[in-house]
Amino acid sequence: MQTVSERPRAAAADLLPGGPRILELGLMPLVTTAFPERTIFLDTRLRWADVRTRAPRSGSLPVRLLRLMRRVAGIGRTCLVQDYDIVVARCVGPVNSAGHSLPIHAALSLIGLAFRGLVLFAARGARVRLAILDVTDHLTIHPRDRAFLRRCDLFFKRELAANRWNTLETVLPRGACAGHARQDPACLALRAKLRPFALGIEAAALSPPIPAAARRYDLFYAGSAQGIGFREAVSSVLPRLAARGWRIHAPAHRLSPEAFAEAIAGSRFCLSPGGVGWDCYRHYEVAALGSVPIFDTRPLAGIQPFLHGREGFYLDPQEDLERALDLLLRTDDAGVDRMTAAAQALVERVYTFDALARYVIGETLALGPVVRPAPPSAQPSLVEAEGGHGQPSMR
């Protein structure tokens, strides 16, 4: 199992006096919330609505145009000055225009192109490091992010493949096959930039767990099949487990967020199958709310995966599902309480948004110190004259 947790990571303030200065671009801040005192966040949503009040039509048309021009000028000025050491940005990813007309598809494509150009301009030069975050569901990097991968210092990929060459399949140099790439220095350099990432969860979501003996249900699961084999199999297995005497909570209707959280907190175990890939917000939500997650697949590459039997359980796809779940549900209450505490500790240490932000900055700084030009001294300094030379004049 590949993890990066065993490698010592630099603290954010270790490599630069006072800590690095960071510029974060995109729609949702991550690093900004963890390092607010030294991060500039540029919201790249150039919308008509007021940024603070979200009012859809705040002011007349000339006022809104002037406000938009000022925002664009401010973004351009910040990127031009480069008063930062690290740039953090989300990837461009797919256009996501399915079902829309061609003009909308073209507009979204242009927006992605403009954002990519802005990020690359902000990170220009060798002095500024660039970290790209990819939180898409795809196992591979989207071709629209090929320029990001080539230019960045690190590429943090959610759903990173155990064989990282699989993640690079769609962005290898033109004409390169997988066999050739493993021996090509340029392709090896791209592979070295990859780091695992995760969706994560807000720290406020963690709550003290209910003792296992006081929980209402043994197993909770809510979700639609959506053509996923494991989810389709679960729908027939859960009634048979209930017939064995287990307290199964599997509502057929959609639950409100409050009822969903209450069901997780009141269950000893919760099924948390993946969707398109392995990583899912529910994994961290189940642990944060005080239950033990049961996963359908085992990740082979991750920041620090849940350990089987310690922070959760992984099902073997070759075993009988009903028999495997019945065996896991027999875990005693003391074991459930230990696993609940271990899972919450893992989420708090690794998978909260603040922890992920520290991980990104630590991995970036671990590449080496960012060389900043020395500021000009305000006081004149004298240089000692060497033998045979006169004292230099300060005039």
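**Around Arg 215**

Start with who touches Arg 215. Leaving aside neighbours within four places in sequence, Arg 215 is in contact with Pro 209, Ile 210, Arg 247, Ala 265, Gly 266, Ser 267, Arg 268, Gly 290, Ser 291, Val 336, Asp 337 and Thr 340. Keep in mind that this is a predicted model.

Where does Arg 215 sit? In the loop between β7, residues 194-196, and β8, residues 217-220. Is Arg 215 buried or exposed? Its relative accessible area is 3%. The cut-off for buried is under 20%, so Arg 215 counts as buried.

Now look at one contact up close. A polar atom of the Arg 215 side chain lies 3.1 Å from the backbone oxygen of Gly 290. Then compare sequence with space. Ala 263 is 48 residues from Arg 215 in sequence. In space, C-alpha to C-alpha, the two are 9.5 Å apart.

**Helix α10**

Gly 290 follows α10, and its phi is positive, near 95°.

The helix itself covers residues 281-288. How many of its eight residues are buried? Seven, so α10 is largely enclosed by the rest of the structure. The buried ones are Arg 282, His 283, Tyr 284, Glu 285, Val 286, Ala 287 and Ala 288.

**Out to the surface**

Next, the end of α2. Val 81 belongs to this helix, which runs over residues 61-81. Val 81 has a relative accessible area of 57%, so it is exposed.

Step on to Gln 82. This residue is in the loop between α2 and β4, residues 86-90. Gln 82 counts as buried, at 14% relative accessibility. Its phi is near 60°, a positive value in a residue other than glycine.

Last stop, Asn 96. Here too phi is near 60°, again positive in a residue other than glycine. Asn 96 lies in the loop between β4 and α3, residues 102-122. Is Asn 96 buried or exposed? Exposed, with a relative accessible area of 63%.

That is the tour. Questions are welcome.

Technical notes
Residues numbered from 1 in each chain as written. Predicted model: local features only at pLDDT ≥ 70, side-chain atom pairs only at ≥ 80, totals over all residues. Heavy atoms only, no water. Helix = DSSP H or I, 4+ residues; strand = E, 2+ residues; numbered from the N terminus. Buried < 20%, exposed > 50% of the residue type's maximum accessible area, 1.4 Å probe, protein only. Contact = heavy atoms within 4.5 Å. Polar contact = N/O pair within 3.5 Å; in protein donor to acceptor, adjacent residues only side chain to side chain.
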